[in-house]
Amino acid sequence: MPSRIVAELSLDIAMLQTFCQKSFGARKRKLVDAIKADWKVSIRRACSVLKIDRSLYVCRARRGEQAER
């Protein structure tokens, strides 16, 4: 069990290092997509590593519709 925890933490650290090397100007959704594709992890795991609430990834803004009201 402890070796699994160490392995998961090592993977999280590697993902964060990749994130730090990428542009900070990118949108959060694109960063989650990049981590998900590069590391073949779930959306939940990628959001957790980047400390992004999963609802920010799942929910889409509807600014155009809200502006019309």
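Trainee: What makes up the largest nonpolar core here?

Mentor: There are 12 residues in it: Met 15, Phe 19, Leu 31, Val 32, Ile 35, Val 41, Ala 46, Cys 47, Val 49, Leu 50, Ile 52 and Tyr 57. They count as a core because a nonpolar core is a set of buried Ala, Val, Leu, Ile, Met, Phe, Trp, Tyr and Cys residues joined through side-chain atoms within 4.5 Å. Buried means under 20% relative accessible area, exposed over 50%, and partly exposed in between (1.4 Å probe, protein chains only). Keep in mind that this is a predicted model, where local features need pLDDT of at least 70 and side-chain atom pairs pLDDT 80 or more, while totals for chains, interfaces and linings use all residues. Numbering starts from 1 along each chain as its sequence is written, and side-chain values use heavy atoms, leaving out hydrogens and water.

Trainee: Why is the contact between Arg 45 and Asp 12 called a salt bridge?

Mentor: Their closest N and O atoms are 2.7 Å apart. A salt bridge needs a side-chain nitrogen of Lys or Arg within 4 Å of a carboxyl oxygen of Asp or Glu, so this pair qualifies. Arg 45 sits in helix α3 (residues 43-50) and Asp 12 in helix α1, 33 residues apart.

Trainee: How do you know whether Arg 4 is buried or exposed?

Mentor: Arg 4 has 57% relative accessibility, so it counts as exposed. Its salt-bridge partner is Glu 8, at 3.2 Å, N to O. Glu 8 has 34%, so that one is partly exposed.

Conventions: Helices (H or I, at least four residues) and strands (E, at least two) are DSSP runs, numbered from the N terminus.
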